[in-house]
Amino acid sequence: MNERITTASEATSDWTAARAARWFFGVPLRPRTYANLAYLAFAFPLGLAYFVFLVVGFSVGASLLILLVGLPILLFVVFVASQIAAVERTLAEVLLDADIPADEAEPAEGPIEWLTGLLLNLGTWKGIAFLFSKFVIGIATFVALVTGASFALTLLLAPLHYGNEHVGIHFGRPVHVEIPDLIYQHDGWTVGLAMPFDATIQAGEVISTLADTVWGALLISAVGVLVALVVLHLFNALAWLCARYTELMLSRTPPSLLAEWRARQADAQTAGDR
């Protein structure tokens, strides 16, 4: 009986380890990874466009309020922002597999009721706040993408440029790496583990310094494969955070005009069937 339990436990452990290995090494084979990368790549240009539109629109509208021209400009900016938020909600659902329900209020009967509902809806202003924050998110994702991709590609392509001091990872000043000794003292006796590792990487290009042969460059490239896998997992984690933030900010925001039109068509068809 004990042998059976031990065998089952070992089989479960082996299956878990195999599953973890497939999860780690299979990240470049999953379509979700590239959908996440697409969302992160578009975050910066979209965030910049949203920021410029909102700042210019609200600034012009507020400055022209005294002439009464600014009010329709402000209303137009709020309306367009609500539609952009609806597009962002769709992007997150398609690319990030997020679950973001729109506002399920009944379609307005007239323009005054529609405009009042738009301005008094908390989701409208949550969407505008999200669009402003998308600029900050876009900058963060742009830095993360450029840094992570550049670092991983530099290591992966080491055999192509290991002899070039102008291509690679550069340090502007010497970097000293030292592993200290491990010592434990108690009641007059001492246990120590000497770790005499001491190295200094001089300022300049790292790969051409560490790899002076093609075999050394291939070793660095092999390390680059692992680094690239870790970077892809980090990108997926960043996309997961973006999905959760988008769900928080865009949940119950006003639907798009297309969604409202479809709702009206569905209501009209239901009434006709009756």
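**Exercise 1. Determine in which helix Thr-90 lies, and whether Thr-90 counts as buried, partly exposed or exposed.**

Solution. In this predicted model, Thr-90 is placed in helix α3. Its relative accessibility is 44%. Buried means under 20% and exposed means over 50%, with partly exposed in between. Thr-90 therefore counts as partly exposed.

**Exercise 2. Classify the crossing of α3 and α5, and identify the residues that make the contact.**

Solution. The two axes come within 9 Å and cross at roughly 70 degrees. Angles of 65 to 115 degrees count as roughly perpendicular, so α3 and α5 are assigned to that class. On the α3 side, the contact is made by Val-78, Ala-81, Ile-84, Ala-85 and Glu-88. The α5 side contributes Thr-124, Trp-125, Gly-127, Ile-128, Phe-130, Leu-131 and Lys-134. By residue class, the contact divides into eight nonpolar, two polar and two charged residues.

**Exercise 3. Carry out the corresponding analysis for α3 and α4.**

Solution. Helix α4 comprises residues 111–120, and its axis comes within 11 Å of that of α3, with a crossing angle of roughly 75 degrees. That angle makes α3 roughly perpendicular to α4. Leu-75, Val-78, Phe-79 and Ser-82 of α3 meet Trp-114, Leu-115, Leu-118 and Leu-119 of α4. Here the division is seven nonpolar, one polar and no charged residues.

**Exercise 4. Describe the largest nonpolar core and the elements that give two or more residues to this core.**

Solution. The core has 34 residues; Tyr-39, Leu-40, Leu-96, Phe-130, Leu-131, Phe-235 and Cys-242 touch the most other members. Two or more residues come from each of α2 (31–63), α3 (70–95), α5 (122–156) and α8 (214–250). Of the elements, α8 gives the most, with ten residues. Apart from this core lies another, of seven residues, including Leu-155, Ala-158, Ile-169 and Ala-217. For Leu-131, leaving aside residues up to four places away in sequence, the residues touched are Tyr-50, Leu-54, Ala-81, Ile-84, Ala-85 and Glu-88.

**Exercise 5. Relate the UniProt "transmembrane region" annotation to the model.**

Solution. The unreviewed UniProt entry lists residues 37–58, 64–87, 135–158 and 214–242 under this heading. In the model, residues 37–58 are 100% helix and 0% strand, with end C-alpha atoms 32 Å apart. Residues 135–158 are 96% helix and 0% strand, and their end C-alpha atoms lie 34 Å apart.

Key
Residues are numbered from 1 along each chain as its sequence is written. This is a predicted model: local features need pLDDT of at least 70, side-chain atom pairs count only at pLDDT 80 or more; totals for chains, interfaces and linings use all residues. Side-chain values use heavy atoms; hydrogens and water are left out. A nonpolar core is a set of buried Ala, Val, Leu, Ile, Met, Phe, Trp, Tyr and Cys residues joined through side-chain atoms within 4.5 Å. Buried means under 20% relative accessible area, exposed over 50%, partly exposed in between (1.4 Å probe, protein chains only). Helices (H or I, at least four residues) and strands (E, at least two) are DSSP runs, numbered from the N terminus. Contact means heavy atoms within 4.5 Å. Axes are lines fitted to C-alpha atoms, for helices over the stretch in contact, and angles run from 0 to 180 degrees between N-to-C directions. Angles under 35 degrees count as roughly parallel, over 145 as roughly antiparallel, 65 to 115 as roughly perpendicular and the rest as oblique. Ala, Val, Leu, Ile, Met, Phe, Trp, Tyr, Cys and Pro count as nonpolar, Asp, Glu, Lys and Arg as charged, and the others, Gly among them, as polar. UniProt positions are given in the numbering used here, feature names are shortened, and annotations may be inferred rather than shown by experiment.
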